[in-house]
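Have the model open beside the text.

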Amino acid sequence: QLGRVGEVNESQDKVITQSLEPVQSLNRRIENDNERLAILFRLAGELNGRTGLDDLLDLVGEATFDAFPNANFFAITLVSEPGEVAEADPFYTHIRSNFPGDSDEPIISTSILEHVVERQESVLFLKDGTEAEVSESILQAEITSCLCAPLVGQESLLGVMEVDTRGEGGGGVFSRRDLDLFSVLASNVAFAIERANLSSNIVEMFESFVAASVNAIEARDPSTAGHSERVTEY
């Protein structure tokens, strides 16, 4: 159970939360983490040249595993309406190649997701191994440590990004420094997703415009019906 924000109790699982901070502030706090920052900078450069959402998310998943070697599961879940998780299943998942888990039916902790969506703040979850009560999804996925951050766009919350250690393949736990780094990564990913969606919308608008133009041309001159449509396909 998540409990109060910032509550840490040795007899219970630990949850560390972090309200949204300016990216510049977070960068200063992790500026000594040079190797992992280099991974983020390389990712940012690669994302600038990508407009396909699937390709973009694959890059993010691989870079996340490079930056967080303890992790073996990565997921992005979208929101349908403000403050609501779109669906129980994540929009995108990425599993480390040597992870023995079942990739067909990934288990996501809805309690952590709902907390992040409701408060729009990053969360670090640590399971301490005691008999303290936790959600069923955390137990089923055997999650020992989880980083979860909101994907905040320019105008709204797009979704939630998470990475965790789970099952027998999970090694080690995350730290507060990891939470800072993951929050910066989520900020960059949100911007890239918005840009990819915008690019897709532009293409769809252009194709709709061409289709409408063809219909208008053929309606005006039935004798050339079919010709303009074939040109459009080319």
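Threonine 165 is buried, with a relative accessible area of 0%. Buried means under 20% relative accessible area, exposed means over 50%, and partly exposed lies in between (1.4 Å probe, protein chains only). Threonine 165 sits in strand 6. Its side chain makes a polar contact with the side chain of threonine 144, at 2.6 Å. A polar contact is a pair of N or O atoms within 3.5 Å; within protein, one must be able to donate a hydrogen and the other to accept it, and residues adjacent in sequence count only if both atoms are side-chain atoms.

This is a predicted model: local features need pLDDT of at least 70, side-chain atom pairs count only at pLDDT 80 or more, and totals for chains, interfaces and linings use all residues. Residues are numbered from 1 along each chain as its sequence is written, and side-chain values use heavy atoms, with hydrogens and water left out.

Now follow the strands. Helices (H or I, at least four residues) and strands (E, at least two) are DSSP runs, numbered from the N terminus. Two strands pair if DSSP finds at least two bridges between them. Strand 6 covers residues 157-166. Strand 5 covers residues 143-152. Strand 5 and strand 6 pair in the antiparallel sense over nine bridges. Four residues lie between them in a hairpin. Isoleucine 143 has arginine 166 of strand 6 as its bridge partner.

How much of strand 5 is buried? Eight of its 10 residues are, so the strand is mostly covered. Strand 5 also pairs with strand 4 (residues 121-126), again antiparallel, over four bridges.

Return to strand 6 and look at its pairing with strand 2. Six bridges join these two antiparallel strands. Isoleucine 76 stands opposite methionine 161 in strand 6. Strand 2 (residues 73-78) is mostly covered, with five of its six residues buried.

Strand 2 is also joined to strand 3 (residues 92-95), by four bridges and in the antiparallel sense. Isoleucine 76 has a bridge partner here too: tyrosine 92. Phenylalanine 73 stands opposite isoleucine 95. Which side chains of strand 3 are buried? Tyr92 and His94 are, and they point to one face.

Next come the helices. Two packed helices are described by the angle between their axes and the distance between the axes. Axes are lines fitted to C-alpha atoms, for helices over the stretch in contact, and angles run from 0 to 180 degrees between N-to-C directions. Angles under 35 degrees count as roughly parallel, over 145 as roughly antiparallel, 65 to 115 as roughly perpendicular and the rest as oblique.

Start with helix 2 (residues 34-47) and helix 3 (residues 53-67). Their axes come within 10 Å and cross at roughly 175°. The two helices are therefore roughly antiparallel. Helix 2 brings Arg36, Ile39, Leu43, Glu46 and Leu47 to the contact, while helix 3 brings Leu56, Leu59, Val60, Ala63, Asp66 and Ala67. Contact means heavy atoms within 4.5 Å. By class, this contact has eight nonpolar, no polar and three charged residues. Ala, Val, Leu, Ile, Met, Phe, Trp, Tyr, Cys and Pro count as nonpolar, Asp, Glu, Lys and Arg as charged, and the others, Gly among them, as polar.

Helix 2 also meets helix 6 (residues 176-220). Here the axes come within 11 Å and cross at roughly 5°. These helices are therefore roughly parallel to each other. Arg36, Leu37, Leu40, Leu43 and Leu47 of helix 2 touch Arg177, Asp178, Leu181, Val184, Leu185, Ala192 and Arg195 of helix 6. That contact has eight nonpolar, no polar and four charged residues.

One more residue of helix 6 deserves a look: serine 183. Serine 183 is buried, with a relative accessible area of 10%. A polar atom of its side chain lies 2.9 Å from the backbone oxygen of leucine 179.

Finally, step back. The protein has seven helices and six strands. From the N terminus on, the elements run β-α-α-α-β-β-α-β-α-β-β-α-α. Of the 234 residues, 40% are buried. Among contacts between residues at least 6 apart in sequence, 66% join residues at least 24 apart.
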